[in-house]
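Open the model in your viewer and keep the selection panel at hand. The tour goes stop by stop.

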Amino acid sequence: MGLFDFFKKKDNTQQEQQALDTGLEKTKDNFFSKITKVIAGKSTVDDDVLDELEEVLVTSDVGVSTTLKIIERIQARVARDKYVGTSELNTLLKDEIQQLLAENNSNDFRNFEYGNHKPYVIMVVGVNGVGKTTTIGKLAHKLKQAGNQVVLGAADTFRAAAVDQIKLWGERVGVKVVAQAMGSDPASVAYDTLRSAVANGDDVAIIDTAGRLHNKVGLMNELTKIKNVMEKVIPGAPHEILLVLDASTGQNAIEQCKQFTEATAVNALALTKLDGTAKGGVVIGISDQFKIPVKYIGVGEGVEHLQLFDRQAFVNSLFKE
Ligand SMILES: Nc1nc2c(ncn2[C@@H]2O[C@H](COP(=O)(O)OP(=O)(O)OP(=O)(O)O)[C@@H](O)[C@H]2O)c(=O)[nH]1
Ligand SMILES: [Mg+2]
């Protein structure tokens, strides 16, 4: 199986489904315990129920604008069907969320054009500690398992530990890491990595970068510089600028997404740390609100805990009894 087959893979394996179900447990518990309270003692979905449902969605980090869309749709359904019992609320909600996410075509990465790039170059960006380096390690593993030759670039030269961390991932998953000393120019590391990728005929090159805030102009300019250097080695590179967001930060993740996508040419998103948070609803908000696809989700710290985002599987898992 080559890179493109990997990206076109249609269904989650049973193992992935299980990891997703486990990863979403806290979000589910939080969500459904709130819904149960909303419908307690009520038989029909009326305005009161809808008001409370709105609050549940907002406090589950779905985000205000996405929540309003969902509520409007349910309102329309209730008006049309005259009588909707509260026992049907979960199914109704699931349907409407699934429909809403299906309308945003950009989210369907299975139809996303990857083109015929060799090496396919991914630059990974985001604020500090969101899981960039870990996501790179996991992604490298997945790509390698799918039969690809992968190289990693240690362009986070800000901390000595960052270079060691990615080298460790390289050893762990058995892929090459191109690195220089701590404090060296990250653009130079990116340059070396792509040169090496071309020389070795690698299929994928993934470049790590130091965590940075969108409003630090100097650091954002540094990203542009890294990007421009890559473009010189391989016209059109980086093909993917992947913004990593920590789902457990809820609304902050939405805010970071807004600001980062305005500041750089991000064209893919990864949402990490879905396990261990009750704020998984943020995935629904982000996949609805942004025209940039959520491509990967992190559901644990382990090497096998990165998944390609599948809207259908995600919503199914969220509503699984
Ligand atoms: N539970 C869980 N932890 C994760 C996940 N992804 C990353 N982490 C953890 O988050 C922490 C930070 O991850 P890093 O990959 O070092 O984050 P980073 O964005 O590279 O951080 P900086 O390089 O300092 O900006 C580590 O302890 C990871 O194990 C995930 O999906 N689930
Ligand atoms: Mg890092």
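Predicted model: local features only at pLDDT ≥ 70, side-chain atom pairs only at ≥ 80, totals over all residues.

**Stop 1: the ligand**

Select ligand 1 and show what surrounds it.

Next, look at distances to the oxygen atoms of the ligand. Pick Glu-301: an N or O atom in its side chain is 2.6 Å from an oxygen atom of ligand 1. Move to Gly-300, where a polar backbone atom sits 3.2 Å from a ligand oxygen. Then take Arg-159: a polar side-chain atom lies 3.2 Å from an oxygen atom of ligand 1. On its own, ligand 1 has 660 Å² of accessible area, and the protein covers 80% of that.

**Stop 2: the nonpolar core**

Leave the ligand. Nonpolar side chains tend to be buried together in soluble globular proteins. Here the largest nonpolar core holds 99 residues. Which of them touch the most other members? Select Leu-93, Ile-206, Ile-286 and Phe-314.

Centre on Ile-206. Leave aside its neighbours within four places in sequence, and its contacts include Ile-122, Val-124, Val-150, Val-151, Leu-152 and Gly-153. Ile-136, Leu-139, Ala-140 and Leu-143 are also among the contacts of Ile-206.

**Stop 3: helix 6**

Select helix 6, residues 89–103, and find Gln-98 in it. Is Gln-98 buried or exposed? Gln-98 is buried, because its relative accessible area is 16% and the cut-off for buried is under 20%. Not counting residues up to four places away in sequence, Gln-98 touches Arg-311, Gln-312, Val-315 and Asn-316.

**Stop 4: helix 2**

Go to helix 2, residues 14–23. Its buried residues are Glu-16, Gln-17, Ala-19, Leu-20, Asp-21 and Gly-23. What covers them? Display helix 3 (25–39), helix 7, strand 7 (294–298), strand 8 (306–308) and helix 13 (311–318), which are included in that cover.

Finish on Asp-21, which is found in helix 2. Asp-21 counts as buried because its relative accessibility is 17%. Beyond residues up to four places away in sequence, Asp-21 touches Ser-317 and Lys-320.

How values were computed: Residues numbered from 1 in each chain as written. Chains lettered and ligands numbered in written order. Heavy atoms only, no water. Polar contact = N/O pair within 3.5 Å; in protein donor to acceptor, adjacent residues only side chain to side chain. Areas by Shrake-Rupley, 256 points an atom, 1.4 Å probe, with all protein chains shown as cover. Core = buried A, V, L, I, M, F, W, Y, C linked by side-chain atoms within 4.5 Å. Buried < 20%, exposed > 50% of the residue type's maximum accessible area, 1.4 Å probe, protein only. Contact = heavy atoms within 4.5 Å. Helix = DSSP H or I, 4+ residues; strand = E, 2+ residues; numbered from the N terminus.
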